[in-house]
Amino acid sequence: MEKMICKASEPYPEVTCCGQNLHDVEIIRPLYSGNASEITAIMQYVYQHVVLEKCYSEVSEVLKSIAMVEMHHMGLLADAICAMGGNPQYLNPDIRSCWNASPVCYEQNVCKVLLKNLNDETSAHHSYLAAAEKVETPSLCALLRRIAADEKLHMEIITAMINCHCRKPCEPEQERRNCGCTRNNNRGRCC
């Protein structure tokens with residue numbers, strides 16, 4: 001299988017800042033380590049990659065590739081936070097505490113996984129564009145718009161996977177058994 005490209009082709013702008021800008025740090029912190037953040041997306045995609053690997057290997061590989069792009073986004077946001085005088089701790093502003101995995105969706109049904117991911121990527125795309133409108137640093141605005149382009153591409157990729165895997169009748173029970181999954185196994189996992 002050919003490796004899917006899960007990022008837009010344009011380069012990522014470097015954030016250049018003239019001193020401390022904690023206003024901009026607070027705007028991007030939810031994107032970095034909030035409930036609907038890069039760290040949450042990474043953990044969710046890695047989990048999905050693992051649980052779908054046996055029965056939906058192509059979907060699993062694409063989700064792993066998207067996770068790697070999200071990791072890059074997280075690193076870019078960490079660099080931006082540092083450049084603006086902030087500390088890139090994994091603090092979740094939504095709960096005023098350290099980030100934890102409670103926002104991660106542990107769904108295992110491939111169609112529900114893909115629909116959740118589409119919703120999350122759509123929200124992320126809009127959140128990045130909204131943050132770009134609020135920040136004061138022009139290079140950070142450009143970076144946020146560039147990351148939003150990746151999130152839009154993820155929406156397109158996930159939509160294509162939904163059309164492939166979820167817009168047709170369910171697989172026969174025999175096909176599920178052939179990949180080692182049943183509706184009644186101990187973990188409740190079904191492909």
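A disulfide is a pair of cysteine sulfur atoms within 2.5 Å. Keep that cut-off in mind while looking at this model, which is a predicted one.

The bond runs between cysteine 111 and cysteine 166, with an S to S distance of 2.3 Å. Turn the model to look at the S-S bond of cysteine 111 and cysteine 166: the torsion about it is about -110°, so this disulfide is left-handed. As for where the two ends sit, cysteine 111 is part of helix H4 (residues 110-134), while cysteine 166 belongs to the loop between helix H5 (138-165) and helix H6 (173-178), so the pair ties together parts that lie 55 residues apart in sequence.

What about cysteine 164? This residue is in no disulfide, and the nearest cysteine sulfur, which belongs to cysteine 166, is 8.7 Å away.

| Residue | Relative accessible area | State |
|---|---|---|
| Cysteine 6 | 3% | buried |
| Cysteine 164 | 44% | partly exposed |

Cysteine 6 counts as buried because its 3% falls under the 20% limit.

Now for a pair of helices. Helix H2 (residues 38-52) packs against helix H3 (residues 57-83) at an angle of about 160°, and their axes are 8 Å apart. That angle makes H2 roughly antiparallel to H3, because anything over 145 degrees counts that way. The crossing of H2 past H3 is left-handed. Which kinds of residues make up the contact of H2 with H3? Sorted by class, there are 13 nonpolar, five polar and four charged residues.

Methods:
Residues numbered from 1 in each chain as written. Predicted model: local features only at pLDDT ≥ 70, side-chain atom pairs only at ≥ 80, totals over all residues. Heavy atoms only, no water. Axes fitted to C-alpha atoms, helices over the stretch in contact; angles between N-to-C directions. Helix = DSSP H or I, 4+ residues; strand = E, 2+ residues; numbered from the N terminus. Parallel < 35°, antiparallel > 145°, perpendicular 65-115°, else oblique. Left-handed = near helix turned anticlockwise from the far one by under 90°. Nonpolar A, V, L, I, M, F, W, Y, C, P; charged D, E, K, R; others polar. Buried < 20%, exposed > 50% of the residue type's maximum accessible area, 1.4 Å probe, protein only.
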